[in-house]
Each structure stands twice: as C-alpha cells, then as structure tokens.
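Visitor: Could you walk me through the aromatic rings of this model?
Guide: Gladly; let us look at it together.

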Protein chains: 2
Amino acid sequence: MMGNKRAFLIVGNRAVTGKLNLNDLPGSAGRMDIMCRCIASALFLSHDVRRDVEVYLLLLGPPDPPKAVRVVGGKVRYMAPDERNIGGILSKALTVKVDKGWKQSTPGVYVARKSLEELLDELIKKYEVYYLREDGKDIRDVGFGENSLFILGDHIGVREDMEIVIEERCREIISIPTRKLQADHCIVIVHYELDRKQREGV
Amino acid sequence: MMGNKRAFLIVGNRAVTGKLNLNDLPGSAGRMDIMCRCIASALFLSHDVRRDVEVYLLLLGPPDPPKAVRVVGGKVRYMAPDERNIGGILSKALTVKVDKGWKQSTPGVYVARKSLEELLDELIKKYEVYYLREDGKDIRDVGFGENSLFILGDHIGVREDMEIVIEERCREIISIPTRKLQADHCIVIVHYELDRKQREGV
C-alpha cells in the first residue's frame, strides 16, 4: 500500500535562524511566511491534522545557519493554521541552543544543526526521496512507494550545489506540470494526488 | 474552450466587517485568516498573479454585516501572498462607507453592501455557478463551461438558508472526494483540476 507516511522538506534560502518578528514574516524574517504556509499545507485538514505527516525545514538565513526544524503531525499540539501562530512556534524553536541532535522546543517540534547532506542522509533511511522541479516527470504518472519525502525550494528555488546533494539521493525528479506554483500550493497538490492514488488503490 | 475565467466566492460566517486587528486575524477578526489564505490561493502563482481570476468574499461578522469584497486578479496591485499583507488590504476595504454599488478601496479591490442573493444574482450573469460540498459530484468527472464561479464555506460551512439561495442558482454541486480539506486548499485543487483539463483540452 502506497502513501502511508509522507514528509516534506522545504529549503528556506533566506529564512532567518533566530527569533522572528511576527509582524514581518516576509521581510525581516526572510520569507518565513512561505515556511509557515508550507507547514499548514502539509499538516492541516479541515478541523483535523494529518497525523502521518512530518515537515522538515532547512533554514539558511542569518544569524546562525544552517538549522533544521522538524514538525511531527502526530505529536504537534496547540498549532493553528494561520501564519502568525506557526511563526510563533518556529520562533520558539529558533531560540533553542542547537547541536547535531534533535531537541524538542514545543510538543512535536524539534530543532537541530544540520546541513542538507546530514539531514537527507538521515531521511533516506525512512523515506524514498522525490524532488519537485519543473522539468520532472508528471506526478500523475509516478508510482510511489510506501513512505515518500518531497523536497521543494522556496521562492528562490534550490541552489545548484544543494541540487547535486539532492539528485544523488533522490529516486525521481517529479513535477506539477500545469502552472508554476508556490511551494505551499505544490504541497496541497502532492497530498491530493497521493490521496487520489491511495483512494483508487493504485 | 473551458476555464477561461474563474471566480471564487467564500462565505465568512463570522469574518468581521470593520477595521481588522492584523495581530489577531483568527480570533477577534473572526477567522479572517481563512479569507486571506483563500485570496492567496485563488490569485497567486509563483512570482505571478492569475489575471483572469476574481475573488468574492461575503463577510457576515460584526459590526456591520453583510459586506461583499471583490478582488480582481487583473487589476490588483501591491498585494503579497502573506496573510498580514492581504489582511491590511481587506482592513482598508472594510473602513470604506458602503452602499449597494461596488466602491474601489485600493487598486483592484472593491467593497459593497450585498446579501448573498444580491451578489449571486449579479454573478450568475457572468459565471456558471458550482457549489463545493462533500456530497457533490467528483470534480474530476465534471465538464466545466467557459466561465466558472466556485462557492465555498469557511470553517463553519454555509448556513442552511444560504444553501437554498445557492442551490437555486448553481449548475452543479461538486466535491473533492479525497479528504475533508480547508477552503484555501480546496481552491488550490479547483485551479489544478481546471488547469489540467485546460492543458489536456478536455
């Protein structure tokens, strides 16, 4: 059975790695608004949370990069889908003193010092990795395994040196071939396509 | 050719009809965060705006209901996809003195005093109306006409007396049959399904 566990990794090229100004998530927080919406798209259903989903953020902005944040759908508490609420939860995580291992900041939210390579080497033990890029194979034509991780860039995309790290570890480059969409909207569609496949038993 | 023009109408059962507290869109503004995300889902592509899309909000919360807001993708300026930015634009619209006719508050954003019935009687002249509800026909099996309006409720849904007004005017009740999704995520999927159909020429 496919699609039992899903995870998303979003690269925040300029997303800050310290306390956030919740009144200015797009500006001084380095488009942290995108990260917040990606978390909401990945985790929230109507009046419910997708308990089998994890979200990973790789944050590369000042003052203290890189940091990775992990949000576990089955364990998260007190999270609402609005950007400011999620921003507050991320801000708490980003004021924790980090080291290589995951530390919990609030229920279901963890933070660590990890490069993309370190993070992916951890995740490929649990997930088959798919990278979303415009020139990839149409998601509708892809057969997914049991547990899938989807990697997306923010408004800037993914740096070339990081793409090499991803391509060495990913099973397939896939695309949503209709229009160029925002990362948070791509996540909604990935869920939808996998929900469809799961429903139809393909 | 189908899907040339699209519009969305979202019913905000408690969304306030006066100045908004941008620091508390979910609480004191009556889940105005949902309205903001619906606008973003309807209008934004990656680094672009869907110019052929209109969004209508029907706001029913205190202090001065009902108010309708219209956002025209082809005319809107200075809008970013984050909730706080869109909330600021809505707050400006909601401090305009309203009457029955549309008044522009900022470029591409208009506000008026309209009931659901008045608003829909105006919109059915331009659009074929589809109502999104769980028991509807699978969106993938629906053939759409040239210009389509999609009606969605917020976290509360749509009141029974308003459903009657809608059912009298809608061509079909349609659904996204996979999971119970938030309104803003439904809008992403409606666009996606119509983009697919357009691309495949069906």
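Guide: This is a predicted model, where local features need pLDDT of at least 70, side-chain atom pairs count only at pLDDT 80 or more, and totals for chains, interfaces and linings use all residues. Residues are numbered from 1 along each chain as its sequence is written, chains are lettered from A and ligands numbered from 1 in the order in which they are written, and side-chain values use heavy atoms, without hydrogens and water.

Visitor: How many aromatic pairs are there over all chains?
Guide: Rings of Phe, Tyr and Trp (its six-membered ring) pair if their centres lie within 6.5 Å; planes under 30 degrees apart are stacked, over 60 edge-to-face, and the rest tilted. Over all chains, the count by this rule is eleven.

Visitor: What kind of aromatic pair do A:Y130 and A:F144 form?
Guide: The centres of A:Y130 and A:F144 are 4.8 Å apart and the planes are at 70°. That makes the pair edge-to-face.

Visitor: How far apart in sequence are the parts this pair ties together?
Guide: A:Y130 lies in strand β8 (residues 128-138) of chain A, a strand being a DSSP run of E of at least two residues, numbered from the N terminus. A:F144 sits in the loop between β8 and β9 (147-153) of chain A, so the separation is 14 residues.

Visitor: Is A:F144 buried or exposed?
Guide: Buried means under 20% relative accessible area, exposed over 50%, and partly exposed in between (1.4 Å probe, protein chains only). A:F144 has 9% relative accessibility, so it counts as buried.

Methods. Helices (H or I, at least four residues) and strands (E, at least two) are DSSP runs, numbered from the N terminus.
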